[in-house]
Amino acid sequence: MKTTAEVLAHLASGNERQRDAYRVLLQSDLFSILEAYTPFPAGTVPIDIDIPGSDLDILCEAPDLNAFEMVVTRHFSGMDRFSCERGTGLGMDIPSAYLTCSFQIEGWPLEIYAQSLPVNKQNAYLHMLVEWELLQLWGAKGHSEIRRLKSVGLKTEPAFAAVLGLKGDPYVELLHLADWSRHKLWLWARQRTSFQNT
């Protein structure tokens with residue numbers, strides 16, 4: 001699931017919550033409104049480890065955050081719980097300003113995250129790809145265990161780090177795995193986890 005089209009197709013044919021997310025995203029016209037910013041649906045819903053209250057996450061590439069904020073505000077400021085916040089984060093080890101805009105849409109909390117970095121260089125994108133590959137190895141037991149850890153308060157990346165026995169910052173450690181091939185990742189993960197898809 002490396003492209004927006006692949007993720008949307010996956011949601012459209014997925015479980016009940018994924019299909020509902022797909023419907024809401026399309027009916028909101030969000031992808032048309034943000035088309036110039038290469039919107040990409042990320043986070044826990046596409047990879048089926050969301051729990052009640054999980055966000056629908058949309059990653060965007062926005063070289064001009066001021067212009068991006070104006071677009072989002074113009075189209076979505078009337079939605080429930082609308083807010084935008086700025087900060088500085090890391091992407092490929094390069095400090096990069098970001099903008100996060102959040103609002104509610106048909107009961108779904110939605111978060112749009114924009115950086116000047118291309119989406120495929122953003123940490124959230126890279127984390128999701130690694131997590132998806134691991135879940136393909138682990139199958140239903142892996143999905144269940146990640147959801148269990150999230151339900152007791154862990155964020156997604158710390159939950160994966162806990163299952164894998166990773167030390168250090170889980171967000172950084174998962175980035176280190178992003179460059180690995182599926183074969184290398186699966187070989188390594190099989191040695192660190194007791195469950196796998198059979």
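The model is predicted, so to speak of local features a pLDDT of at least 70 is needed, side-chain atom pairs count only at pLDDT 80 or more, and totals for chains, interfaces and linings use all residues. Residues are numbered from 1 along each chain as its sequence is written, and side-chain values use heavy atoms, with hydrogens and water left out.

**The largest pocket**

- The largest pocket holds about 1400 Å³ of space (the volume filled by probe spheres set on grid points joined across faces, edges and corners).
- A pocket here is an open set of points on a 1 Å grid over the protein atoms alone, where a 1.4 Å probe fits, with protein on both sides within 12 Å along at least five of seven lines; lining residues have an atom within 4 Å of a point.
- Its lining counts 50 residues, and Asn123, Ala124, His127, Glu157 and Tyr171 lie nearest the centre.
- Two or more lining residues come from each of β2 (56-61), β3 (80-91), β4 (94-105), β5 (108-115), α5, α6 (156-164), α7 (170-177) and α8 (DSSP runs numbered from the N terminus: helices are H or I of at least four residues, strands E of at least two).
- Helix α5 gives the most, with 11 residues.
- The lining has 22 nonpolar, 15 polar and 13 charged residues (Ala, Val, Leu, Ile, Met, Phe, Trp, Tyr, Cys and Pro are nonpolar; Asp, Glu, Lys and Arg charged; the others, Gly among them, polar).

**α5 with α8**

- The axes of α5 (residues 123-151) and α8 (residues 182-190) come within 10 Å and cross at roughly 60° (axes are lines fitted to C-alpha atoms, for helices over the stretch in contact, and angles run from 0 to 180 degrees between N-to-C directions).
- That makes α5 oblique to α8 (under 35 degrees is roughly parallel, over 145 roughly antiparallel, 65 to 115 roughly perpendicular, the rest oblique).
- Val130, Glu133, Leu134, Gln136 and Leu137 of α5 meet Arg182, Leu185, Trp186, Ala189 and Arg190 of α8 (contact means heavy atoms within 4.5 Å).
- These contact residues divide into six nonpolar, one polar and three charged.

**α6 with α7**

- Helices α6 and α7 pack at about 70° with axes 9 Å apart, and are therefore roughly perpendicular to each other.
- Glu157, Pro158, Phe160, Ala161 and Leu164 of α6 meet Pro170, Tyr171, Leu174 and Leu177 of α7.
- The contact of α6 with α7 has eight nonpolar, no polar and one charged residues.

**α1 with α2**

- The axes of α1 (residues 4-12) and α2 (residues 16-27) come within 7 Å and cross at roughly 125°, which makes α1 oblique to α2.
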